[in-house]
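Let's take a look at one chain and at a spot where it meets a neighbour. Have the picture open while you read.

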Amino acid sequence: MDTPATYLELGFIVISVPNLLVILTMVGIFIAALLAPFPGHHAIEEDGDVRPE
Amino acid sequence: MSAPSSTPATTSVPGPADTTWAGAVRRFLERNLPLTHLLPSRQPFFVGSWVYIFGVVAITSLVWVVGSGIVLASFGPGWWHIEAMGRFVNSMHFWSVQLLFLFTALHLWGQYFMASWRDGRAPTWIVGVLVFLIALVTGFTGYVSQQNFDAQWIAINAKDGINATGAGSFFNVLDFGQMYGLHVAVLPATVAVALAIHVMLVRIRGVVKPIEPPAPKDAAAQATSGSGTAKGGKA
Amino acid sequence: MSTAAERQEAYHRGIPTVRFDLIREFFLALAGSGLVILVLALLMSSPDDPSVTIQQWSQQDPVDFVTTATSELGGTSFSATYGPPYTDGTDAVQAVGPFAPQAWFGNAVHLDTAQEFVLGPLGMAAPGNPELTAALATYKAADAATQQAWLTAYTDALGSATAADGQVTVPAGDYGPVPVLMVNLLAIGHTGGLDGLVLSGGNFYATNYTAPLLFLGDGGYFPALGESQHMLGSQWGMMNETGSYPGQAWLWLFSMWYQVPPFNTAPNADLLVVMLMGLLTLGLILVPFIPILRDIPRWIPIHRLIWRDYYRWRRTHGGPPAG
């Protein structure tokens with residue numbers, strides 16, 4: 001891990017592979033959070049614990 | 001005006017007005033942040049999205065940052081360079097900082113696209129950005145406190161930008177003592193206070209409601225109770 | 001007048017609620033994030049490239065070391081002419097027109113580079129060294145014009161200097177006592193004593209590294225080390241970390257400006273970038289009040305994914321009561 005990182009040149013952007021991985025991971029987590037169903041609440045009428053307020 | 005449902009018996013005793021400061025604070029809390037709102041057991045059902053966990057994950061990352069930081073501070077700034085356990089604790093500190101900023105950014109994106117500042121929640125947004133900014137400065141003071149090549153590099157290269165603002169006369173990035181003191185004491189406390197205010201504001205107002213679909217141009221449809229307003233609607 | 005608590009309850013009235021355990025969620029997040037952090041720490045450790053010492057500098061690149069020390073003695077180095085907050089002078093003061101906040105608060109550190117980096121350490125090492133003692137006396141007794149003549153001639157000669165066995169050799173010339181001063185400074189540097197002398201300034205305790213860091217930064221040796229690690233400003237360096245570790249990806253926008261015109265060639269680039277980032281940060285803080293910025297969430301309907309259950313419920317139930 002102590003050897004210098006590999007750098008990618010994408011146009012005028014020069015980014016290290018580790019930083020790129022961090023950014024891609026962030027975007028991936030965000031998209032996954034948008035799409036993944038949240039346990040128990042996708043069918044509100046079927047949730048026995050729902051209370052109208 | 002209805003009395004709060006959780007009023008303890010001692011506050012409903014009639015008699016001379018309570019002019020104590022303690023009483024004023026207590027009434028403020030009862031009016032604005034009763035325990036049922038600070039620690040509710042239920043949420044509006046639309047909070048059923050993974051996007052809502054980014055904030056709490058950022059907070060728990062901060063818990064790990066502070067916890068590992070307390071251990072590092074307890075053994076002094078030189079410990080992690082010479083002891084394997086110190087290096088491990090420093091690694092916990094390093095990666096929890098990475099997670100903190102990662103999930104803070106995700107939380108920012110989520111709240112932005114939910115326009116969570118609506119309905120009187122602009123102060124919550126503003127304080128949230130301030131927490132982020134203070135955390136950035138805290139991280140910076142940490143980087144220049146490492147006492148290694150990275151710290152030397154960042155201090156020497158950052159000084160010109162900071163000096164250009166005039167802040168360099170008060171905030172000397174080359175002064176390890178000052179940077180370390182800010183990093184382990186002053187700034188973590190500031191982050192904690194700002195974060196507490198941010199979380200309290202969220203709990204005082206409750207989660208913002210979903211963005212309403214635009215009203216249809218058909219006035220007749222608008223006259224109904226709203227069953228048609230969201231039909232096939234797009235933002 | 002309603003309380004905030006009552007307003008919150010009215011705000012959510014009509015929307016079904018579900019059980020949601022905030023405390024349990026906190027502990028689950030704590031455990032989950034802790035596990036991820038633990039795995040990363042165990043697998044990848046953390047970066048710790050050792051610091052560069054003045055000793056290392058004097059040994060690895062003695063010509064650069066002596067050249068820098070000569071400029072410190074002559075008051076012509078980057079630090080010597082920097083200006084606020086370190087030294088007198090104005091060379092590093094950045095301005096946008098008449099706006100120059102760097103100059104508002106004066107010289108806070110009062111660094112005398114000739115004294116701190118050269119004459120002071122040499123003076124402390126002089127006892128028992130008659131040649132050095134004499135050279136120091138000769139230098140201090142000379143007038144400023146003579147000193148500058150020696151220093152200028154010596155600096156020119158250093159352009160064709162050679163280094164061997166840790167010694168720096170220059171072509172013959174009239175440099176007065178300067179070569180003796182520099183030979184001795186180099187020798188002290190080689191022993192590691194200069195690191196302590198420059199840091200302590202004669203005191204016992206030291207926590208302020210302003211002097212040694214400025215000295216190190218004035219040379220060519222230290223910046224070259226950063227370039228090999230992609231840490232120069234022109235290499236998006238602000239985002240990068242030593243080794244193969246992630247750096248500060250959150251500084252992407254700050255770093256970006258330094259790569260593009262006009263910032264990449266501007267002498268006051270730092271002030272320009274800080275002002276621009278300050279403006280953008282203000283914009284971020286005030287998003288709720290800025291048209292277009294605050295409307296984008298409605299135009300880019302990510303919220304329709306987040307709240308899809310709610311919108312489905314609205315279509316079948318007509319939503320909460322109005323008001």
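What share of the 323 residues in chain C is buried? Buried residues come to 37%, where buried takes 20 or more other C-beta atoms, placed from the backbone, within 10 Å of the residue's own. Keep in mind that this is a predicted model: local features need pLDDT of at least 70, side-chain atom pairs count only at pLDDT 80 or more, and totals for chains, interfaces and linings use all residues. Residues are numbered from 1 along each chain as its sequence is written, while chains are lettered from A and ligands numbered from 1 in the order in which they are written.

| Feature of chain C | Value |
|---|---|
| Secondary structure | 16 helices and three strands |
| Radius of gyration, over C-alpha atoms | 30 Å |
| Span of the C-alpha trace along its principal axes | about 95 × 50 × 40 Å |

A compact globule of 323 residues would have a radius of gyration near 20 Å, by the rule of 2.2 Å times the number of residues to the power 0.38.

Now for the neighbour. Helix H7 of chain B (residues 149-164) packs against helix H13 of chain C (residues 269-285), with axes 8 Å apart and an angle of about 65°. H7(B) and H13(C) are therefore roughly perpendicular, a label for angles of 65 to 115 degrees. Axes here are lines fitted to C-alpha atoms over the stretch in contact, and angles run from 0 to 180 degrees between N-to-C directions.

How values were computed: Helix = DSSP H or I, 4+ residues; strand = E, 2+ residues; numbered from the N terminus. Buried ≥ 20, exposed ≤ 12 C-beta atoms within 10 Å, placed from the backbone. Parallel < 35°, antiparallel > 145°, perpendicular 65-115°, else oblique.
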